[in-house]
Amino acid sequence: MADSAGGITFDIAGEARPDAVLVLRRRDPRAGDGGSGALAAGTGAGADDEVRLPLTEAGESLLRAVLPSTVELAEGHWDIFTGARGELPVRPGIRDVRALVGRIPGAGRVAARIPYPTPDGRLAVRSWVRAPHAEAGTVRCEPGATTVEGVLYGAELGEGAMAEARLRGTARSHRVAVTGCGGAFAFRLPYGPLAARPVQERQWWDLWLLPARNAPGVRISRILDDIWDKRFALVHPAHLSHPDRGAYGWLAAPCYTGDNDFSVRLDPAPLPAAAP
């Protein structure tokens, strides 16, 4: 069960032992989401990569461990184990994450944690730590553009606030003006400037908020709810554009990454065949 402050209570079926523990182990960022990439005990896992929690009796054949919100989890995926050496993966059961819906964080850095089942049937926790944090809210898809509203935590908008789309893996970027007051922000991003050059392969344009002139960028994400991977849960309409000349047009759609960061995806779109 997850609470709105960031704490998680784990109830495990089993018999209590004096050395019973629950182990959270941070997954190697290079590994996939199958649960097999956790830094195993005795293989170089550092103090910041493992959290051990005592398991205590909580009823007949039920053990309980509590991860308080005050215990820090670095950003990433944390796989859950039990056993004397933390060698036994924990299988997911009922996950009560209702308290995470509509969560409003307090002052300071934003920490979010969501327990979830991995594709191979293990239990894990996705953790985010952001300071400051730009939370995406309402997304409106218009012909040829998207409008994004959100809330900035840990900072406020200042003079010259901008939103910036950055083409992943390159130095290309495009900025648009931001409106809002305090922490609330909104901007309209047209797709045309992103597709100024021919779109011959899939492109990812990552969206950042620059709260004021010369301020460092803040990645726009959506982490303050109960959805650990929004790629297939929140799908927005795509816009199709065909140029006057050339063999290809392009298809643009706002979307979320596997880390719940907000982006725009551009794909090449072949022109329809001309009528005879």
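## Report on selected features of the model

L210 is placed in strand β16, which covers residues 203–210. The structure described here is a predicted model.

L210 has a relative accessible area of 5% and is therefore buried, since buried means under 20%. Beyond its neighbours within four places in sequence, L210 is in contact with A161, M162, E164, R166, R175, A215, P216 and G217. The C-alpha atoms of L210 and A134 are 9.8 Å apart in space, while the two residues are separated by 76 residues in sequence.

| Charged residue | Ring | Distance from the ring centre |
|---|---|---|
| R25 | F81 | 4.8 Å |
| R166 | W208 | 4.2 Å |

A search of the whole structure finds three of them. One is formed by Y116 and W228, whose ring centres are 5.7 Å apart and whose planes meet at 20°, so this pair is stacked. The pair connects distant parts of the chain, 112 residues apart: Y116 belongs to strand β8 (residues 110–117), and W228 to the loop between β17 (218–221) and β18 (239–241). Y116 is buried, with a relative accessible area of 0%, whereas W228 is partly exposed at 26%.

Several features concern the backbone in loops. A131 and P132 are joined by a cis peptide bond, with omega about -10°. P132 is found in the loop between β9 (123–130) and β10 (133–142). N214, in the loop between β16 and β17, has a phi near 70°, a positive value in a residue other than glycine. N260 is also a residue other than glycine with a positive phi, near 65°, and is situated in the loop between β19 (248–256) and β20 (262–270). N214 is exposed, with a relative accessible area of 77%, but N260 counts as buried at 0% relative accessibility.

Finally, the structure holds one cavity of 30 Å³ or more. The space in the largest cavity is about 30 Å³. Its lining consists of L100, R103, A112, R113, I114, I223, L224 and D225. Of the lining residues, five are nonpolar, three are charged and none is polar.

Note on methods
Residues numbered from 1 in each chain as written. Predicted model: local features only at pLDDT ≥ 70, side-chain atom pairs only at ≥ 80, totals over all residues. Heavy atoms only, no water. 1 Å grid on protein atoms, 1.4 Å probe; cavity = no way out; pocket = protein on both sides within 12 Å on 5 of 7 lines; lining within 4 Å. Points joined across faces, edges and corners; volume = space filled by probe spheres on them. Nonpolar A, V, L, I, M, F, W, Y, C, P; charged D, E, K, R; others polar. Helix = DSSP H or I, 4+ residues; strand = E, 2+ residues; numbered from the N terminus. Buried < 20%, exposed > 50% of the residue type's maximum accessible area, 1.4 Å probe, protein only. Contact = heavy atoms within 4.5 Å. Phe/Tyr/Trp six-rings, centres within 6.5 Å; stacked < 30°, edge-to-face > 60°. Lys NZ or Arg CZ within 6 Å of the ring centre and 35° of its normal.
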